[in-house]
Amino acid sequence: MSEDKDRHILQFVPFLSTIESGFWTKLAEAKLNIFKLDDSRKVLNGFYTNSDTEGLPCRHSIDFGAFEMKNKAPPLCFSSHGGLHNKNTIEDFKSCDKKPILEEEAKLIWNAITSGEAILSPDLLVRFLLLSFADLKKYMFYYWFAFPAFVHSVPVTVCHSNLLSDVHNGKFMEALQNAVQLYRKENQFLPNFFIICSPTTLFGSCNSELTMTICKLKDFELLYQQGHKIIFAYCDPSTIPGYPGWPLRNYLSLIAYHWSAQLSQTVDIICYRDRPQDGKRNISHSLCFSLNVSTIKECPLNSTGWEKNKANKYGPRRVDLAEDMDPVKLAESSVNLNLKLMKWRLMPSLDLKKISSCKCLLLGAGTLGCNIARALLGWGVTNITLVDYGTVAFSNPVRQTLFEFSDCSTAGGKSKAPAAAERLKKIFPGVNAEGIELSIPMPGHPISDRAESVARVKKDVDRIENLVDSHDVIYLLMDTRESRWLPTLLATVKRKFVINVALGFDSYLVMRHGMNSHQNIPCSSSSESSDQESKLGCYFCNDVVAPGNSMKDRTLDQQCTVSRPGVSMIASALAVELMASILQHPHGPLALPNPGSLSDEASSCLGPVPHQIRGFLSHNQIFYPTTEAYGKCTGCSDFVVSAYKEKGFQFLLEPPANMWKAVILIGGPEKGTRFRPLSFDVPKPLFPVAGLPMIQHHIETCSKIDQIKEILLIGFYPKSEEIEKFIQSARKQYNSIIIRYLPEHTALGTAGGLYHYRDQIEAGSPTAFFVFNADVCCNLALKDIVEFHQETCAVGAITIVTTEAPHQESMSYGCVVENAETHEATHYVEKPETFVSSLINCGVYVFKPEVLNHLGNIFRKHQNERFIDMYDEDAAAEKISLEKEILVPYVSSGKMFVYKTTKPWSQIKSAASAIFANKLYLSNYHKTNSHRLARNAPNAGPLISGDVFIHETATVHSSAVLGPNVTIGEDVKIGPGVRVCNSIILPGAVIENHSCVLNAIIGWQSYVGEWSRVEGTAHQPNPNAPYAKMISGALFDEEGRLIPSITVLGKCK
Amino acid sequence: MATISEVEFGKCCRGLYKASNELQDGWDLIEPSESVYLSKKFIKAAPGSMQANYQIIAEVTTIECHVVYSPSYSCPVLYFTASNSEGKRLSLEDCQKLISPVYQEHLTSDFKWSFVTMQEHPVLLKPFYQLHPCHTTDFMKPLIELRNAKCVRNYVFSWLSVVLPVLGLNFRTEEYLVHFGESRRDGECDTLS
């Protein structure tokens, strides 16, 4: 600064208050425990430093030690003293008269100056005042600092002002620093204010020899009398060049009072600033002033010092410390930090927000609900809603981890859901938990027709619908199967992510429901694209009992809900972790499980995303099955979803549709002995008759009946490519119907498979189901049978299809005696030794689902016999005979009714009967599929006589003559001049020129050379006996001679 | 594994405190009971501070660092808290913003440093941020060998020289090294180990 401008009024940099968080905590404690309603002045300690770097304001700090009497300032800091006026109300705070309290504080300074106390302890010159109000409910603090200072009647003016480094060279500074260091060594602390005894004046020239001494203020008189040159110094908190900090004001008042007269009102001052720079302490930025200070003897009337707030106005400040001090918020941030630790340490790609922001709906607040809620808390999930209708029972708290003994009562415990939510909040107040007392309407639980009860159920359904709507993840944790249905449906409709947990005694199931990938359900199942977008199944799509576990009586959730105590915890933990993994997966709930592969595509950063987790404690095993959605599922199929979308609540009131199924019993490889050798090469049920596999005729008939929604093939053929291929093509051909093959693990007798797969049959609650033996050929009018069953089903449970047979023949079949009026079956005998009845069992039945319960009883009986009678090891206890163990008992209880058909019927036991069946089906094509019958084309193609089926891929020479009753399979080649009659030519066979094939079956890929003659004996039912059937007797007669029959050429290998 | 006993930790703290006093580095030694800890406040001006006439208008952040002994990990642990001039604690994210870009990169790339958790301060019983000590003893081994080569056997010093820069806080490593080196010549090496 230039000399001209030097003479100006000195301006001081005011203090900026800084408060360290510890102070507020101490204030809150003191207010609650010590001050209480006492709002008188309290003593405080503060401090400031002179070593701040450039750019920092002139700070004055208070920290958690402010209330301690013997508080020492932190290293490199200097003490200050203050008074606290903590008001009890915001009104007191606002209306407090600020002038007197500031004057009171200023007076303390003045007294210290005049008494000389401030000379002995110069830190008394730096005072502050804190006016505050602590709103401890909201953790809001209002405060206003003042740093009292006197306003001199004659302002202090500046004679000289410079940076220390501008006035003096390094030697001076080094000498000063050495003096300070020496002082510190001897006295431990440098005082806020001190004097420098120097051989030179502050602005004087520098001698070569420089030794300086730091002295206390009290030494002034002595040094002055000894004629030393004295520089006043103080530790300056300001960092701005040219402007000294606030403490100088009262320092000057002290000097003016005591010594300015002696100094002829000119005072030399060093504003000592000391900061580390380049590894050394540096004081070159300290300020040097030569000031003109008039003597003061009277207390100045005016004092100043109120601090401006953030808006740069004189006014209080306010700080919201809820985040720091509210235990609830502290818990929240602490929990979040802990979760982040997982992200930071183990998996940087973890997106915690995806999990914690998830709104979870827990349907059921029992052991699963409690444990899952706790695990969700651990993941930082803050929105948890629990739904339950029960109350806490005395047995609950030991297993249901959110309840305590005090929640139970002899007068009925607390309602579970609200009690659980309340406890969650106690565990973590940051959680937004709600408990809703609500029973979930269940299908099959009748509602009375009264308007109010319908309205009540509607209200419940609406509430659940709203809950499903307002949540992201739905946990199904109820103890009954039925109660899971409505939420499953609603979640499918609203495309919500469902996690389902069910417990057995020592087993558990954790699964996620599939989700439609599109908002709108595709109207048509356009072949391949829909195959790829296969959807995962829901709880109702999938058999809850895995195959092989049929020893268990019922599905998991249908069993008694007693389970080993740890099972719920295991399952709950797995359920929540499954949710976490899936939410981390890029495809979310649409992610496809791929347990075999570990590629990134298949798993999230948390690992694989299985569809189901099934665990068995008894053998410590866990399986991860994946099952596709079942197109006719009652919970998630498109039909149900769109029906609900269309009709809403009304849909729920409608009685279940009259839905039927069909079961085709296809047997297994050990059966069909009379069909050898043909049955060696193809499963007998797939042997083509009239161009179609045997069982396809049944499927085709069923597909024409609207009520039949599913066809289940049950047998013990191992799953093979052939069967798979057949199922695939049949599905394509009859896409209105579900077709599935359910393999038995071993031959279970004619009815064991029905029991084994009872859940599959019962799924969707069919009204009744057909049972077909695969190896019968018939053209039944199923519609009539359905009607007949419906007429009789009030009493009956089984409809048996019968047909008339000649007396002699009847004895090789199951014979039924009926009450001609009521059609009730009165007697049933399987292959009687003497004539019983001319009505024979056609191997086609209709069962009501209750028959499956009956099978359950038989199953249990067998299980018991196994132990009591040392049951034959080979005969599986699961084997059940349909004829002996179902039909016979039902006849005796009067629950079987007899439907008679007059349509042609035949068994297909032998090759000859296949030819006959071929004939029957071909003739039936006239009515049903006339396009399948070959026709004579004018001037082209072979000559057709009677019913002939030619596969479109076969090549038949135009000079051949075919028929009647001929089936030509795929890729068959028929040469010129060939004659085929009453025969089946199997795929790939070649019949060379001019050959003749009569009454024969030509095997796959067989080659019949030129001019050959293959001829068998026609084998047909006795044309003279009415209703005569094909007799598929032994191959040899009693004399050991081969009974003439058709000729079979086996497969050419 | 390079661990340190509590007694040794106390010795190191006193050694560092003594050196800090001489270097005026501002470390404070707090001895509330048998256990001791070091404490220092770091002040930073938030970016965008400005000088209006003779006043500086700036948001000031105080970062308070405590060096506390962890008996379970047998090593020092850094507890820290940061607050603005009103005494409101800064969130961890805000703390990270204070750290200079050079160290920011360090913070994300070098995993073992970035485990910050919120813990109750073992002495003050207040929520503090904590640099998790689970890897401390692993990385200290080579460091100690390096320092031993210079005959500075102060575990706490060696540890601080690595830990503080992580938070973007200055530690005058070289000055201490010089200081300890001089003390050693004065025959004070033993008091530091």
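## Meeting the strands and the interface

Let us start with one pair of residues: His81(A) has Arg127(A), in strand E6(A), as its bridge partner. The model is predicted, and local features are described at pLDDT of at least 70, side-chain atom pairs at pLDDT 80 or more, while totals for chains, interfaces and linings use all residues. Residues count from 1 along each chain as its sequence is written, chains are lettered from A and ligands numbered from 1 in the order in which they are written, and side-chain values rest on heavy atoms, with hydrogens and water left out.

**Strands of chain A**

Helices (H or I, at least four residues) and strands (E, at least two) are DSSP runs, numbered from the N terminus. Two strands pair if DSSP finds at least two bridges between them. Here are some of the pairings in chain A.

| Strand | Partner strand | Bridges and direction |
|---|---|---|
| E3(A), residues 42-49 | E5(A) | 8 bridges, antiparallel |
| E5(A) | E6(A), residues 127-135 | 7 bridges, parallel |
| E11(A), residues 229-235 | E12(A), residues 266-272 | 4 bridges, parallel |

Within E5(A), Ser79(A) is the residue opposite Phe47(A). In general, strands of a sheet pair through backbone hydrogen bonds, in a parallel or an antiparallel way.

Further along chain A comes an open sheet of 7 strands with mixed pairing, in the order E1-E8-E15-E12-E11-E9-E10. Which strands stand at its edges? They are E1 (8-9) and E10 (213-215) of chain A; each has a single partner strand, so one side of each lacks a neighbour in the sheet.

**Where the two chains meet**

Contact (heavy atoms within 4.5 Å) links 45 residues of chain B with 53 residues of chain A. Together the chains bury about 4,100 Å², 56% of it on carbon and sulfur atoms; buried area is the accessible area (1.4 Å probe) that two parts lose on being put together, summed over both. On the chain B side, Gln24(B), Tyr54(B) and Glu86(B) lose the most area to chain A, together 19% of what that side buries.

The interface holds 5 salt bridges (a side-chain nitrogen of Lys or Arg within 4 Å of a carboxyl oxygen of Asp or Glu). Glu29(A) forms a salt bridge with Lys126(B), with the closest N and O atoms 3.9 Å apart. The elements giving two or more residues to the side of chain B that touches chain A include helix H1 (6-23) and helix H2 (92-98) of chain B. Strand E2(B) gives the most to that side, with 4 residues.

**Some local details**

A cis peptide bond, with omega about -5°, joins Gly963(A) and Pro964(A). Pro964(A) sits in the loop between strands E44 (961-962) and E45 (966-968) of chain A.

Asn982(A) has phi near 50°, a positive value in a residue other than glycine. Asn982(A) is in the loop between strands E47 (979-981) and E48 (983-985) of chain A. Is Asn982(A) buried or exposed? Asn982(A) is buried, at a relative accessible area of 8%.

In chain B, Ser74(B), a residue other than glycine, has a positive phi near 50°. Ser74(B) belongs to the loop between E5 and strand E6 (75-83) of chain B, and is partly exposed, with a relative accessible area of 21%.

Notes:
Buried means under 20% relative accessible area, exposed over 50%, partly exposed in between (1.4 Å probe, protein chains only).
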